[in-house]
Amino acid sequence: MAVDLLLGLQWGDEGKGKIVDVLTSNYNIIARFQGGPNAGHTLEFDGIKHVLHTIPSGIFHKDAVNLVGNGVVIDPVILKKELENLEKFGSDLKDKLLISRKAHLILPTHRLLDAASEASKGKAKIGSTLKGIGPTYMDKTGRNGIRVGDLEMADWKEKYRNLANKHEEMINFYDVDVQYDLDELETEFFKGIELLETLKFTDSEEYLHQAQKQGKTILAEGAQGSLLDIDFGTYPFVTSSNTTAAGACTGLGIAPTKIQEVFGVFKAYTTRVGSGPFPTELFDEDGERMGRVGHEFGATTGRSRRCGWLDLVALKYAVQVNGVTQLIMMKADVLSGFDTIKVCTAYNYRGQEITHFPYNIEAENVTPIYKHFEGWNQDLTGMTEVSQFPKQLEAYISFLEQELEVPIKIVSVGPDRKQTIFR
Ligand code: IMP
């Protein structure tokens, strides 16, 4: 039985959570494959807004099993808060949640190391969410990490102590001012561990293998976006995991030959939170308007997101790297009311026009070249079918489909589940 993937094609915050929630009824299992609580997946229905950080976005559906895969890093403190927030919406949520034994744990000292590392970088800082993601993945690849399965071993606290001590030495090495009370942080951490230990742990690759044999349907859910991928993103201004399609194989133990549909989610414009190059970024009234109308504030950090026009050069690159088979366009409603809508179709790269995504996209290397489209004034948020779309929006969508060579199958016109139009 095949597995479908759903991932973000820009710098994160494309609206993946909403779409996973919308598509969940088609799947038996929703499996998150990478990232950690740096993500903030927002779901809105029945007038309530939910933000998930670690838990997959299928949790509100009655029958779906939600799996946190081996590629994810888990902060027990944040997971505890997330579960407590969800408790009021159903006591069985915990029963539908499975945690991979091979997922790594974020320790309090990982968060402190993140802060120390960022502080030491001064102006070159990445704009990390400071959730300890980078240091946890560093310990994973450095073969020092603590995994969920270790909690079932008698000596895990000893391992923890040794690693936390080493981290404290590393924090001192950075020689920056990071204030902390480790006792307090550890009290919180061990309370989180207690709750984590009440959840169901699984050898998730085996679980998913058996599920496939039994004909169950699986949706692999990504976090962040392709341009934040550790290999293919705008390094070093990236996150520490593979956010692209290949990450689903290593983050869940799913064979590449089993992947069927790859759903690529993108916004009708572009946003980025944190530092790093962003060729189509706007510093004018248009950018300010996108931010205001689109409520572009980070779901995890509350930071304002940088906004700009759609970058087709970057989007094509992401479609290519992921092998996207179906596109999903989010926040089309935010573009209503602009006289002109622009799309970057090529870069002027050091004096030469190029259409591929180059090694450097900093402002000194790249100037975007735009194609202009006529805007529309109609409010899209109440629309329920494609036939109601203004012709200018249809022209915009058709152009993107033609350029990307992949159909746009869903257009989202608002944050609610119901504001989702299938084409
Ligand atoms: P980190 O993953 O917290 O270390 O952050 C690294 C970079 O990725 C920073 O620029 C963050 O703003 C960005 N980032 C991490 N997670 C997300 C996300 O879920 N949405 C958007 N940006 C993110």
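User: Why does Phe 60 count as buried?

Analyst: The model is a predicted one. Phe 60 has a relative accessibility of 17%, and buried means under 20%, so Phe 60 counts as buried.

User: What makes Phe 60 and Phe 89 an aromatic pair, and why is the pair called edge-to-face?

Analyst: Their ring centres lie 6.3 Å apart, and rings pair if their centres lie within 6.5 Å. The planes are at 85 degrees; because over 60 degrees counts as edge-to-face, the pair takes that label. Phe 60 lies in the loop between strands E4 and E5 and Phe 89 in the loop between helix H2 and strand E7, so the pair ties together parts 29 residues apart in sequence. Phe 89, at 36% relative accessibility, counts as partly exposed, because its value falls between the limits of 20% and 50%.

User: Why is the pair of Trp 156 and Phe 190 called tilted?

Analyst: The ring planes are at 50 degrees, with the centres 6.0 Å apart. Stacked requires under 30 degrees and edge-to-face over 60, so the pair is tilted. Trp 156 belongs to helix H5 and Phe 190 to helix H6, 34 residues apart. Ring pairs also join Trp 156 and Phe 190 with Tyr 160 and Phe 189 in a cluster.

User: Is Trp 156 buried or exposed, and how do you know?

Analyst: Trp 156 has a relative accessible area of 6%; the limit for buried is under 20%, so Trp 156 is buried. For Phe 190 the value is 23%, so this residue counts as partly exposed.

User: What makes H3 oblique to H6?

Analyst: The two helices pack at an angle of about 130 degrees, with their axes 9 Å apart. Roughly perpendicular covers 65 to 115 degrees and roughly antiparallel begins over 145, so H3 is oblique to H6. In this contact, Pro 108, Thr 109, Arg 111 and Leu 112 of H3 meet Leu 182, Leu 185, Glu 188 and Phe 189 of H6. By class, the contact has 5 nonpolar, 1 polar and 2 charged residues.

User: How do you know that Cys 307 is in no disulfide?

Analyst: The search of the whole structure finds 0 disulfides. For Cys 307, the nearest cysteine sulfur is that of Cys 344, 16 Å away, whereas a disulfide requires sulfur atoms within 2.5 Å. Cys 307 is also buried, because its relative accessible area is 4%.

Technical notes: Residues numbered from 1 in each chain as written. Predicted model: local features only at pLDDT ≥ 70, side-chain atom pairs only at ≥ 80, totals over all residues. Heavy atoms only, no water. Axes fitted to C-alpha atoms, helices over the stretch in contact; angles between N-to-C directions. Helix = DSSP H or I, 4+ residues; strand = E, 2+ residues; numbered from the N terminus. Parallel < 35°, antiparallel > 145°, perpendicular 65-115°, else oblique. Contact = heavy atoms within 4.5 Å. Nonpolar A, V, L, I, M, F, W, Y, C, P; charged D, E, K, R; others polar. Buried < 20%, exposed > 50% of the residue type's maximum accessible area, 1.4 Å probe, protein only.
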